[in-house]
Amino acid sequence: DQTPIGKTPRSCPATYVGFWDEVRTIFAAGTEARLRGYGASRFSFNSGDGRCGACDGQGMRRVEMSFLPNVEVACDECGGKRFNPETLAVLHRERNIGEVLNMSVSEALEFFAAHRKLKHALSLLDELGLGYLHLGQRSPTLSGGESQRLKLVTELAKVGSALPRPGARASQPSHTFYVLDEPTVGLHMADVEKLIRALHRLVDVGNTVLVIEHNLDLMAEADWIIDLGPEGGSGG
């Protein structure tokens with residue numbers, strides 16, 4: 001459905017899809033991090049000693065305004081990067097963890113091209129037209145269509161992780177029944193094409209997809225159509 005994917009500003013595409021743990025592991029495996037004794041938990045903006053203490057890793061601070069709505073401004077201590085200076089001193093390919101969190105999906109896809117697991121999830125985001133989103137963009141700021149496509153990416157990522165490696169023995173596939181409520185709402189025609197390809201990928205590995213939809217391009221891709229209309233209710 002098109003409900004928001006997170007009510008807390010701590011939720012973001014990187015954490016929702018589930019690849020931020022891999023990013024933290026990559027930073028912790030670097031020479032500088034090992035010399036300093038930093039583990040993966042050091043690179044979490046939700047907890048631990050690595051996050052900015054002034055904003056608790058949110059990158060923003062709320063300013064209360066008299067007689068006006070509260071406003072949020074970038075944290076003075078970390079400049080919106082969410083981490084303290086010691087954590088930001090650790091670099092991977094000349095970028096610190098705060099800069100990576102601020103990357104767009106398209107930038108991160110190129111930056112982590114050598115990391116298979118990360119590349120898979122980032123490629124799915126890019127293929128569904130979400131290449132412009134920042135990895136650390138706060139979930140409450142996403143539109144309903146963006147949230148829905150992020151949910152679809154998490155399912156496609158599961159499909160990809162379940163596929164056997166070349167030469168490995170295939171296990172019995174698990175089948176899922178997906179119900180999507182008007183997934184093309186608010187999408188450009190080019191993004192509808194990307195959505196259709198993604199749905200075909202789910203079906204091609206044995207899943208079933210039921211879509212409630214008015215878009216004729218998506219209808220044309222269906223194996224079966226149940227037409228309820230032309231009116232709703234008793235006129236259907």
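Reply: Helices (H or I, at least four residues) and strands (E, at least two) are DSSP runs, numbered from the N terminus. Cysteine 12 lies in the segment before α1. The model is predicted: local features need pLDDT of at least 70, side-chain atom pairs count only at pLDDT 80 or more, and totals for chains, interfaces and linings use all residues. Residues are numbered from 1 along each chain as its sequence is written, and side-chain values use heavy atoms, with hydrogens and water left out.

Me: Is cysteine 12 buried or exposed?

Reply: Buried means under 20% relative accessible area, exposed over 50%, and partly exposed in between (1.4 Å probe, protein chains only). Cysteine 12 counts as buried because its relative accessibility is 0%.

Me: Which residues does cysteine 12 touch, not counting residues up to four places away in sequence?

Reply: Contact means heavy atoms within 4.5 Å. With those sequence neighbours left out, cysteine 12 touches Phe45, Leu135, Gly136, Gln137 and Ser139. As for lysine 119, which is 107 residues apart from cysteine 12 along the chain, the two C-alpha atoms are separated by 18 Å.

Me: Which residues of helix α2 are buried, and what do they pack against?

Reply: In α2 (residues 20-28), the buried residues are Trp20, Val23, Arg24, Ile26, Phe27 and Ala28. Their packing partners are α1 (13-17), α3 (31-36), β3 (91-92), β4 (95-96), α5 (97-101) and α7 (116-127).
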